[in-house]
Amino acid sequence: MNDRQTGYVTEDGRQIGDVMLDLRDITLRFGGVEAIKNISFDIREGEIRAIIGPNGAGKSSMLNVISGFYVPQDGSVWFHGKKRAPLKPYQVARQGIARTFQNIALFEGMTVLDNIMTGRLNYTKSGMIAQAIWKGKAEREETENREKVERVIDFLEIQAIRKTPVGRLPYGLKKRVELARALAAEPKLLLLDEPMAGMNVEEKEDMSRFILDVNDEFGTTIALIEHDMGVVMDLSDRVVVMDYGKKIGDGTPDEVRNNQAVIDAYLGVAHDE
Amino acid sequence: MSADFLYGIEVVINGLMAGVMYALVALGFVLIFKASGIFNFAQGVMALFAALTLVGIMEGQVPFAHLINATFGTEIHHFGWHVPALLAIFLTVGVMVVFAWAVQRFLFRHLVGQEPIILFMATIGLAYFLEGVGDLMWGSDIKTLALGLPQGGARWLEDATAGLGGEDFYGFFIDKLDIVATGVAIVLVAGLIAFSQYTKHGRAMRAVADDHQAALSVGISLNFIWILVWSLAGFVALVAGIMWGAKSGVQFSLSLIALKALPVLMLGGFTSIPGAIVGGLIIGVGEKLFEFLIGPMVGGATENWFAYVLALLFLVFRPQGLFGEKIIERV
Amino acid sequence: MLYREAGDYKTSYPADSQTFPIAFDRYRYWVVLAVAFLVIPFFVNDYIVNALLLPFLIYSIAAIGLNILTGYAGQVSLGTGGFMAVGAYACYKLMTAFPDVNILIHVVLAGGVTAAVGTAFGLPSLRIKGFYLAVATLAAQFFLVWLFNKVAWFYNYSASGQISAPERTVLGIAVTGPNTPAWASYLVCLVFVTICALIARNLTRGAMGRQWMAIRDMDIAAEIIGVNPLKAKLTAFAVSSFFVGVSGALFFAVYLGAVEVGEAFGINKSFLVLFMIIIGGLGSIFGAFAGAAFLVTLPVFLKLIGVDLLGWPTDLVAHLQLVVVGLLIMFFLVKEPHGLAHLWRLAKEKLRLWPFPH
Amino acid sequence: MSAGPNAAGVKTLPDLLSRNAKMMSDKVAYREKEFGIWQTWTWADAQKEVEAFAKGLLTIGANSGDLIAVAGRNRPALYWAMIAVQKIGAIPVPLYQDAAAEEIAYALKNCDARFAVVGDQEQVDKIADVRDQLPNLKHVIYLDGRGLRKYDHSDLSSFADVQAAGEKAGNDAELVERQAALTYDSTCVMLYTSGTTSRPKGVVLSNRNVIETAKNSCAFDDLNANEEILAYLPMAWVGDFIFSMGQALWTGFCVNCPESAETMQADMREIGPTYFFAPPQVFERQLTQVMIRMEDAGKFKHRMFHRFMDVAKRVGPKLLDGEPVGFADKIAYTLGKYMVYAPLKDTLGLGRVRVGYTAGEAIGPELFQFYRSLGINLKQLYGQTEATVFITQQPNGEVRADTVGVASPEVELKISDSGEVFYRSPGVFVEYFKNPESTADTKDPEGWVATGDAGFIEEKSGHLRIIDRVKDVGKMSDGSMFAPKYVENKLKFFPDILEAVVFGAGRDRCCAFLNIDLTAVGNWAERNNIAYSSYQELSQNKQVLDIVAGHVAQVNASIAQDEMLSNCQVHRFLVLHKELDADDGEMTRTRKVRRGVIAEKFEDLVEALYGGANEIYTETEVTYEDGRKGKIAATLDIRDAELSPPVSAKVAAE
């Protein structure tokens, strides 16, 4: 499963392409503690890649490395076959990597619409003067962005809350709005940090459907962290398993399910799952 | 040793002493910030208010005399008695405690859970209010604080050091008051540290500073602690007020020394008592030296801003301040 | 209650995202403009203009500026007074250096200069956050004031150390200098206020504003979704300072005519403007106006009561004013931390939902 | 807008569309809230869309005479689809979008549709489930491709694709031919009657039916091109077809489609329709909403609201009917208009309503009056699919809660001896699809159609009053008419009364079982701090029974007004100790009472009612939520109800 050359085909007949993002021998330290110990794995065009593991396994840190928020002490990140120089997070975003956060990071002071519109910031070309004048370029651009955003709103079925301040939304909807914000950026790679944490069954089903639809409609590559094993096994094409900052498994859901190391790790932490 | 160098040293010494004063005011900030996360902008005005009150009580002024006269056309101003300094100080402390209670009861109890910035704004409002009240109660004219503290240069020191640098060096000129102030300040700081280390309330105070919820859960009354720290801050303010008041008269400008304490805090960090002290000394020495060396070339009066620029530049390179530990941001 | 929204539907995005989407608000807005431009100028006298209108208009500009920085971008600044001073002195130097260029252009340029200075002082905001930044901006305040005091070049080596505005005309009517008609100075300021408000609104409603608010609400998340913090913060400082500079220039040239930097642009000015946006409401253009109006009229009002009615000595009233302002600020923060603008919003909501409570 | 069909040579709805596209090409025809704003189409745009789709249908091989199913929520594209279908000489068959797969299957089989145009994945899936039973279903066309990417597209394609294909293929000539071939009497649409009792029947309506009816009904309320309507009722319902297709095309007014079900209220407020239809339930739900929201209002608002609503109740209807009112009242009402009525109407989205209709079933007088008193011109109409809706409707100024108005233009009415209402009009349907026998027994050779409803026409007003379904109307022992439903409805109009069962067939007088409404009466009990532990306890509370007795007396009084029905007054009643429940077989799943079942189950009670006892002990078997069975025992009070002398008697007395 680690041949870097060609893709593969999934059971439901989706063609998975070449390696899009390749993490090689990543090591990340905070002061003394090693959050990530020499981990390598890749994410391929069009696949849904899951990162699982017990709490504190370093999953979120991994996403933070990908989105450039943490700079690993050792190892390299390869994006579309090119080695990535250490970038600032916003530069990573501009390369087409969007994400959501484990504990929702919406802009509480704004409406749902404005929050999602922030996802379009990277597409704004008009300068300050143009925006100050508004009429003309800025307004046109605003309208174009709004059109894109409205497609996303429609896609995620949140028309009814368009103009509501996010502060007033229930948890489940906030998660959805956050996904919308990420989608508005039309990312090539979408990172989801526990998209279903703290959701009830119904909400989880919706979210799973959305994730699949995103991957299906826009062909977006998705990397997600999730605790709910059932969900992971249903959604993902390949799974990376982490434990205490080390990679203990990597492969298709079935391969992983039958991987002894993984089983141990999970039994070991069954209580806090 | 060249005279200039010796004068330089004198400047440094004076700087150190001024620094102690800054530290003194800064301490007030730190106490409150540590315990309640409130950035108390009113600290300086508290110093002014405390000093005004002290003078007022000592000279037996009638509070709000001005207002009363204006309304009722009366002509009262003094009770005509004089209160001994020590008693007056005790009374003033009492006033500051009442003030602390009032602030807690009428302002911050209603602001629990607000963002820090709001609390900060509130203290600015408090500053205005207190300044106004101070003026209304005791009048806004400059007052001299006659506590009988030693004034003028310390002759013995001057004589002792004269001649070190040849005939054009007349020895170190250091204000006696500064020496006393330094002494008091050191005692006070030591006292505070001792208090927070070794007394029950002191430990409670630190507990609160570390973690409100935890403190609550072990049955510490936040309300009490907050009144306590405000009282302490008030006391510190009084001391600072006395020192500065004795030095340059009790007047509005006194409240501006608070601003001087701000860069000190930036250097030392808002939460560290040693930080406040070291920061104070650095600022004191820094601005005096800068004025001594660079001042003449740029027209002087650089103390007005040097402290801030210094702190600013410092922070740009070390955002967590002198004693703060590196912040790891998370998402 | 007054609102009738049935049949008020939007068929295009510009219409949907306009400043006043509700017809009723739109009309009100036009009425206010009409009155301000076409009615008031004919009924003003020197007292009204100098005691109320000019300060209100000029402080509104400053408040809008600070609100962009503090209210929208979340960067607290205590340097407003200093930046106003920059505007004033820039304007002065320009007026005296290029007497033939139109004063209005000078005012704008003064704004530009201030923007540059402001951006420079904004640089630390990348590393310094919260209170630390607030205090750091004091450096600007004190340094700038000191600078204009000490460096004689700024006040053209005048003996008094003051700067005073020479007479300049627009369309043949004096707008600066001693013999300026009240209505003229009023109109000049009004024009600037209107334009500034429009610009501010446009910037805050669009991409720029979202950038700022994103940084304000959660800077880390903002950066990860692609906001360049450097750009966002510096633009905020630049735009903010521009407005503050313009207000400073007008404050000096049109309103006071002659200033001594220490008292005109001291630290208290910074606080005054800060209060305006707190009381008015952070992150709201309307709030800037409301706050300015409030803090401009309050002293006049108190003076009216204290001095003219109760016949108290002015210094006493001045002290009382401190007390009242202080109390008001505390009261507002306790009762309505989001300021007059929020009260206004609530009232509006109530009217729209009338007769329903929510 | 009185270009009669023959005048402008208009024979079909597609003709009307062409006419509008010519005569008012830039007038907005359709709006749909989509992507946050109201997307708009002028009549010219609509024409283009329709033509494109029509050609598309030709290219995928739709023949004239084909039946083509249409299912989905109200969307312009679906209305266009129907017109396009007619344009090519085929027949649109709108279906209920929420119908279950087998119902859809039945309909599609019954009309053996060759094509289906549907809204989204949900519908596509439903059809896919039963595809194997539909050998003749050739192709399915969807609007919203969301989630359909992976589906096999061999016989599935999107609306847009079909249009594109049509544009490419051209064959305009054939299209013109097909449209020209249609006549005024060729079939316009086929609608399925919601079959509560039997299998749904397909009602075939001709262009004449639809266009004549549209013309007349528009004239009746002089609807014009500037009306705005909100299309939110099921497309398969004849009403929506007449309003959103017939009348819209006839007058050229604008049809607005909401963004989604849950934004309907907001969308309605934005549009502010000027012509509005809703069944009583909708108005009822809205009124409850209003009352609930007003409950949490502050003291002042609360008092103000009720104060002014009282004024409105007194004055509003009079003003609407142009009757004179006192000066003081006028002032009070005007004040109330600014303080309450206008803002209230506005927030409900009814601010601009010029003409509003309710129909489907009897509407409670309070409910009806509430809306009238706000100054909304809400009226009742009586109709059915077979009549292309309109049989009777209320003219302005003659609106009452208890009648359904006078015969609509060009409609003749007659009442059979059995009291059944018959009508004849240009709207009378052609036939039941593939069902000559039921066609025959509803429509006689002279074109009279039996409504199946019993009713009578008031002498003085000439208004028709519907009593009940004929099959439910019985005779009392003295041979006078017994209309239980009529009485039960009157009883149920009281919020306190949830259900009522009236007995009396073949007896000398009527008696009733009642269920109190636990929420309504429960609230009342709390407010008067009356403690109760169960429905049973509350139901036997003396005060409650007094209240109920009051209601019954009022009902009797109003029944007494109808000379024909005065014998249906309730002489004695009791409040049942349990709520009638579908689980116990006492009601149908659609909450219609099963009189027979109840009569024998509670035989003892019925006997007691007629026997004259004042209380009775009884035991009843009940089924709990979890399916367990149990017995509840109770002693029930039986009350005599206060009776009113019948009108005729009164006359005699004078």
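Two residues are taken to be in contact if their C-beta atoms, placed from the backbone, lie within 7 Å. The legends below describe a predicted model.

**View 1. Surroundings of Gly7(A).** Gly7(A) sits in the segment before β1 (8–9) of chain A. Leaving aside residues up to four places away in sequence, Gly7(A) touches Gln15(A), Ile16(A), Gly17(A), Asp18(A), Arg44(A) and Glu45(A). Ile225(A) is 218 residues from Gly7(A) in sequence, and the C-alpha atoms of the two are 22 Å apart in space.

**View 2. The hairpin of β1 and β2 in chain D.** Strand β1 (residues 28–34) of chain D pairs with strand β2 (residues 37–42) of chain D in the antiparallel sense, over six bridges. Opposite Val28(D) stands Thr42(D) in β2(D). Two residues lie between the strands of this hairpin, and Phe35(D) takes a positive phi there, near 55°.

**View 3. Helix α9 of chain D and the residue that follows.** The helix spans residues 238–251 and has 14 residues. From its first C-alpha to its last, α9(D) reaches 18 Å, close to the 20 Å expected at 1.5 Å a residue. The helix is mostly covered, with 14 of its 14 residues buried. Gly252(D) follows α9(D) and has a positive phi, near 85°.

**View 4. The side of chain B that touches chain C.** Chain B brings 43 residues to the contact and chain C brings 36 residues. On the side of chain B, the elements that give two or more residues are α3 (65–72), α5 (116–138), α11 (257–268) and α14 (303–317). The largest share, 16 residues, comes from α5(B). Sorted by class, this side of chain B has 32 nonpolar, eight polar and three charged residues.

**View 5. Chain C as a whole.** Chain C has 14 helices and four strands. Its radius of gyration is 21 Å, close to the 21 Å that the globule rule gives for 358 residues, so chain C is as compact as a globular protein of that length. Taken along the principal axes, the C-alpha atoms of chain C fill a box of roughly 65 × 50 × 45 Å. Of the 358 residues of this chain, 53% count as buried. Among contacts in chain C with a separation of 6 or more, 76% join residues 24 or more positions apart.

Conventions: Residues are numbered from 1 along each chain as its sequence is written. Chains are lettered from A and ligands numbered from 1 in the order in which they are written. This is a predicted model: local features need pLDDT of at least 70, side-chain atom pairs count only at pLDDT 80 or more; totals for chains, interfaces and linings use all residues. The expected span of a helix is 1.5 Å times one less than its number of residues. A residue is buried if 20 or more other C-beta atoms lie within 10 Å of its own, exposed if 12 or fewer, and partly exposed in between; C-beta atoms are placed from the backbone. The radius of gyration is taken over C-alpha atoms; the globule rule is 2.2 Å times the number of residues to the power 0.38. Ala, Val, Leu, Ile, Met, Phe, Trp, Tyr, Cys and Pro count as nonpolar, Asp, Glu, Lys and Arg as charged, and the others, Gly among them, as polar. Two strands pair if DSSP finds at least two bridges between them.
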